[in-house]
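Me: I have just opened this one and would like to go through it piece by piece. Could you help me find my way around?

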Amino acid sequence: MKIPYYPGCTLKTTADYFETSAIASAKALGIEMVELPDWNCCGVVGSLTSDDLIRHLAPVRNMLRVEEMNARGDIENENRLLTLCSMCYNTLQRTNARIKQSSEDLESINNIMYLEEEPYKGTTEVVHFFQLLEEMGFDELAKKIVKPLKGLKIAPYYGCMLLRPEELGIDKPDDPTIMENFVESLGADAVQWNARSICCGSYHTVSNKEIVVKLAYEILHNARKCGADLLITSCPLCAFNLDNRQEEVEAQYLDFEPIPVLYFSQLLALALGLGVEATAFDKNYIDPRPILKKKGLLK
Amino acid sequence: MEIERVMVKVYIMGEAYEVPEGSTILSATEYAGFQIKRGVGCREGFCGACATVYREKGDYKLKGGLACQTVVTDGMTIAQIPSVPAEKPVYDITQLEANENTFKELFPTVFRCVACNTCTKACPQDIKVMDYVQALKRGDIARAADISFDCIRCGLCALRCPAEIVQYNAAILARRLYARYLAPKSPEVDIRIEEIEAGKFVPEIDELKKTDRVELGEKYYKREINID
C-alpha cells in the first residue's frame, strides 16, 4: 500500500529518529509512505483569533498536494494524508474540518492561492499513523511482530493533540484505548495510569520553562508510580518536554528518578525486528537501552 | 515615411506623463525627465537594483517588477523603490553551521511564515520564494539554495511579506552555507590550484600577452573547449 505522507518540520530536524523508525516500520508492514512534494509547515497551533483565515493557508496547501499527487498519478486513489507528529495531525485536521464545513472559507482560501494550478477541492482526509495501524487491525499487527516486547511495561502518553477537540481526535478523549491496543499488540503491557492525557506544557517550554518542569514531573512521576518502565508518545514537543527537560526536573525534585520517553515507532521497529538504524535508541535524551537490556529485549 | 508615435499615459510618483508605448518603466521614467540615481543598475534584468511597485488601470492588485524589464501600459501607476531598508544580520560564515538553528538565530522571522505565498507572487524572477522559506524551516539548506539560485535580491518579497521575513537575505545565507559546508568537494580544484601555483600555465600566458589583438581574436574563436 502506498500512502501520501506529511512529515512536518520537526521530523526533518530534531525528531528525525521518529521519522526513520516509522518509515522503516511501515515498510516492514507493507506500507510505503510517499513524502508529499514541496510540502510546507503544517501551520502549527490552531489560531484562536476570530479572523484567522490566513493561518489555514499552510495546512490547505499541504492537503492540496495530495489531490495533485492523485491527479498526476504519483499515487493511485489514495486521498488520505498520513501524519506522524501529533501537532501536525491536529493542525491539518482542524483546518480540513473547518473548510469542509464552510465552502465560503474554502473559496476565500482558494482565491488567495490563485497561483496554484488547481483549487483545493476538499477531498483529502488526514489520518494519523495509529489510525492506519488500527485499520490494519491490532490483531494483524500482533501476528507480524517477530520480537514481542514481553515483560516491558509501557505508559502510553496521549497528550492533547491526538484527542482534543473531541470531533478531531483519533479516539474518545476521556477513555482512549488506541495506544493501549497498540502496546498490547507489541506483546508489551500497557500501564494503567492517571496522567496519560495531561498537557505537557507545550510551548511554555520556550518562555515559562518552570511550568513544563512541574508538569513533566507530575506526568513522569505518575508513570513511574504506576509501574511503567518507559513512556511512548507521538508528539515531538511532548517528547522534548518529557525527555529533554528531565535534566531540570531531576535538579528540582529530589525523589525524581529519570525514565525513558520514546517515540512509539522506535518500539514498533524493535518489535518488528529492525536494526539500530531504525530503532535509533541512541537519540533519546534518557537512554532507553539499559531498561531494554534488563528486560532481555536488547543485546 | 513618417512613423506615428503612440503615446500612453502613466502616473509616476503621482504625476501624469505621456510616454512612448512599449517603453520599459525605466525608460518611461527617464523619458518623463527623471534622473534616476538610485534604483537603477545593469538595465538588463540581472542586477536587481530597480525594484518597482506598480498598479495597472482597472486592477486592484499591487504588482512588483523590475523597472528595466516591465513594459508600461496605459494608465499604469508607478513607484520605484530606491533601496530596501531590510534587516541584514552580520555573521562570520566560518562560525556557522548549515542547519535550521542558524536561521533561528539570524533570521527568526523565517519561522513566522504562514505559507500565504505573497512573496512568490511578488518575485519578478518567478522564484518559488515561499518554497525556499519553507525548506529553511525544516533545515533543508540545499533545497533552499537550489530554489533561490536565480534571486537577484531586488527585495520585493520582503516588502510584501506579512510576516516581515527578509527572504532574499536568508536565501543568500543558505547559498553561502551550501557552498561552504554542503556542496560536494571537487578534488580537481585542488589539483588545478597546485598546477597554477607550480607555474604550469605561465609560458602560455606570457605568449598570449605578446600576441596582437587580431591574432588573439582568431585564437579565441578557434579555441578547443574540452569539457571532459
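Me: How many bridges join strand β5 of chain A to strand β7 of chain A?

Reply: This is a predicted model, and in it three bridges join β5 (residues 153-156) of chain A to β7 (residues 230-233) of chain A, with the two strands running parallel. Within that pairing, Ile154(A) has Leu230(A) as its bridge partner in β7(A).

Me: And which sheet do they belong to, in what strand order?

Reply: They sit in an open sheet of four strands of chain A, ordered β6-β5-β7-β8, and the pairing is parallel. The edges are taken by β6 (189-190) and β8 (261-263) of chain A, and each of these has a single partner strand, so one side of each is left without a neighbour in the sheet.

Me: Which helix packs on that sheet?

Reply: Helix α7 (residues 178-185) of chain A packs on the sheet, where it touches β5 and β6 of chain A, and its direction makes about 160 degrees with that of β5(A). The loop between β5 and α7 of chain A contains Pro165(A), and a cis peptide bond joins this proline to Arg164(A), with omega at about -5 degrees.

Me: OK, the other sheet now. What is the strand order with β2, β1, β3 and β4 of chain A in it?

Reply: The order is β2-β1-β3-β4 (chain A), again four strands in an open sheet with parallel pairing. The edge strands are β2 and β4 (125-128) of chain A, each of which pairs on one side only, and from one strand to the next the twist averages 45 degrees.

Me: How many bridges join β3 to β4 there?

Reply: Four bridges join β3 (residues 80-83) of chain A to β4(A), and the two strands run parallel; as one case, Leu81(A) has Val126(A) as its bridge partner in β4(A).

Me: Where is Asp38(A), and what is its phi?

Reply: Asp38(A) is placed in the loop between β2 (32-35) and α2 of chain A. Its phi is near 45 degrees, which is a positive value in a residue other than glycine.

Me: Stepping back a bit, how is chain A divided into domains?

Reply: Chain A has domain 1, covering 2-129, and domain 2, covering 138-273 + 280-294. Their C-alpha centres lie 25 Å apart, and 24 residues of domain 1 of chain A are in contact with 20 residues of domain 2 of chain A.

Me: Which element gives the largest share on the domain 1 side?

Reply: That is α1(A), which gives eight residues to the side of domain 1 of chain A that touches domain 2 of chain A. The elements that give two or more residues to this side are α1 and α3 (86-101) of chain A. By class, the residues of this side divide into 14 nonpolar, nine polar and one charged.

Me: What does α1(A) pack against, say α12(A), and at what angle?

Reply: Helix α1 (residues 16-28) of chain A packs with helix α12 (residues 264-271) of chain A at an angle of about 40 degrees, their axes being 8 Å apart. That angle makes α1(A) oblique to α12(A), and the crossing of the two is left-handed.

Me: Which residues meet there?

Reply: From α1(A) come Tyr17(A), Phe18(A), Ser21(A), Ala22(A), Ala24(A) and Ser25(A), and these meet Ser265(A), Gln266(A), Leu268(A) and Ala269(A) in α12(A). The residues of this contact divide into six nonpolar, four polar and no charged.

Me: Now chain B. How is it divided?

Reply: Chain B has domain 1 (7-80), domain 2 (93-182) and domain 3 (188-213), and 47 Å separate the C-alpha centres of domain 1 of chain B and domain 3 of chain B.

Me: How do α4(B) and α7(B) cross?

Reply: The axes of α4 (residues 129-137) and α7 (residues 167-182) of chain B come within 11 Å and cross at roughly 55 degrees, which makes α4(B) oblique to α7(B). The crossing is left-handed. Val129(B), Tyr132(B), Val133(B) and Leu136(B) in α4(B) meet Gln167(B), Ala170(B), Ala171(B) and Ala174(B) in α7(B), and by class this contact has seven nonpolar residues, one polar and no charged.

Me: Last one: how many residues of chain A are in contact with chain B?

Reply: 15 residues of chain A are in contact with 15 residues of chain B. Helix α2 (residues 57-72) of chain A gives the most to the chain A side, with three residues, and that side has eight nonpolar, three polar and four charged residues.

Methods:
Residues are numbered from 1 along each chain as its sequence is written. Chains are lettered from A and ligands numbered from 1 in the order in which they are written. This is a predicted model: local features need pLDDT of at least 70, side-chain atom pairs count only at pLDDT 80 or more; totals for chains, interfaces and linings use all residues. Two residues are in contact if their C-beta atoms, placed from the backbone, lie within 7 Å. Ala, Val, Leu, Ile, Met, Phe, Trp, Tyr, Cys and Pro count as nonpolar, Asp, Glu, Lys and Arg as charged, and the others, Gly among them, as polar. Domain bounds come from an automatic or database domain assignment. Axes are lines fitted to C-alpha atoms, for helices over the stretch in contact, and angles run from 0 to 180 degrees between N-to-C directions. Angles under 35 degrees count as roughly parallel, over 145 as roughly antiparallel, 65 to 115 as roughly perpendicular and the rest as oblique. A crossing is left-handed if the near helix is turned anticlockwise from the far one by less than a right angle, and right-handed if clockwise. Two strands pair if DSSP finds at least two bridges between them.
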